[in-house]
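Dear colleague,

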Amino acid sequence: MDKVGNVLINLVQDLSSISTNGYAHVEINHQLCDPQEFERLFHYFTKGTILERIELDVRKLNSIIKGGCGYTEELDEPDSKGYIKCPECGKFAEVRDPKYKILEPDPNLVGKRQSIRF
């Protein structure tokens with residue numbers, strides 16, 4: 001799992017490159033950082049930048065387990081250590097810990113930022 005600072009830098013870079021229109025809804029992995037604390041860190045580190053006045057809505061992002069049989073489920077356990085048995089087939093399942101996800105604006109649907117107005 002990456003450190004909070006690295007994830008914060010990656011998110012700031014991602015949000016800086018897309019047209020947000022002043023609002024963003026993101027999910028942060030709950031094992032990485034508390035969503036409210038991440039929001040405070042985001043606003044602290046974006047002071048004086050193009051994202052300074054963005055309204056950010058941060059929610060919790062759970063880990064995902066994927067079994068070899070195709071079973072997929074969100075996992076709300078605080079620490080799985082990367083191993084868990086699949087409830088369907090009983091074999092060990094892969095635990096994926098996505099760091100963050102930008103829900104709104106959808107990076108695949110909005111355009112890249114054309115210019116920066118100050």
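The model is predicted, so local features need pLDDT of at least 70 and side-chain atom pairs count only at pLDDT 80 or more, while totals for chains, interfaces and linings use all residues. Residues are numbered from 1 along each chain as its sequence is written, and side-chain values use heavy atoms, with hydrogens and water left out.

**Overall chain**

The protein chain contains two helices and seven strands; these are DSSP runs numbered from the N terminus, helices being H or I of at least four residues and strands E of at least two. Along the sequence their order is α-β-α-β-β-β-β-β-β. Of the 118 residues in the protein chain, 32% are buried (under 20% relative accessible area, with exposed over 50% and partly exposed in between; 1.4 Å probe, protein chains only). Among contacts in the protein chain with a separation of 6 or more, 71% are between residues 24 or more positions apart; a contact means heavy atoms within 4.5 Å. The protein chain exposes about 7,800 Å², of which carbon and sulfur atoms supply 47% (Shrake-Rupley method, 1.4 Å probe; for residues, only the protein chains shown count as cover).

**Helix α2**

Helix α2 spans residues 35-45, and its buried residues are Pro35, Phe38 and Phe42. They are on the same side of α2 because they cover an arc of only 55 degrees around the axis, the arc being that of the directions from the helix axis to the C-beta atoms. In general, an α-helix has 3.6 residues a turn, so residues three or four places apart point the same way. The buried residues of α2 pack against α1 (4-17), β1 (23-29) and β2 (55-61). Arg40 and Tyr44, on the other side of α2, are exposed.

**Rings and cysteines**

A search of the whole structure gives one aromatic pair. The ring centres of Tyr44 and Phe45 are 5.0 Å apart and the planes are at 90 degrees, so this pair is edge-to-face. Rings of Phe, Tyr and Trp (its six-membered ring) pair if their centres lie within 6.5 Å; planes under 30 degrees apart count as stacked, over 60 as edge-to-face and the rest as tilted. Tyr44 has a relative accessibility of 57%. Elsewhere, Lys85 lies over the face of Phe92, 5.5 Å from the ring centre (NZ of Lys or CZ of Arg within 6 Å of the ring centre and within 35 degrees of the ring normal).

The search for disulfides finds zero in the whole structure, a disulfide being a pair of cysteine sulfur atoms within 2.5 Å. For Cys86, the closest cysteine sulfur is that of Cys69, at 3.7 Å, which is too far for a bond. Cys86 is buried at 4% relative accessibility, and Cys33 is buried at 11%.

**Glu27 and Lys101**

Glu27 lies in strand β1 and is buried, with a relative accessible area of 17%. Beyond residues up to four places away in sequence, Glu27 touches Arg59, Lys60, Leu61, Lys99, Tyr100, Lys101 and Leu103. Lys101 belongs to strand β7 (residues 100-104) and is partly exposed, at 41% relative accessibility. Lys101 and Arg59 are 42 residues apart in sequence, with a C-alpha to C-alpha distance of 9.8 Å.

Yours sincerely
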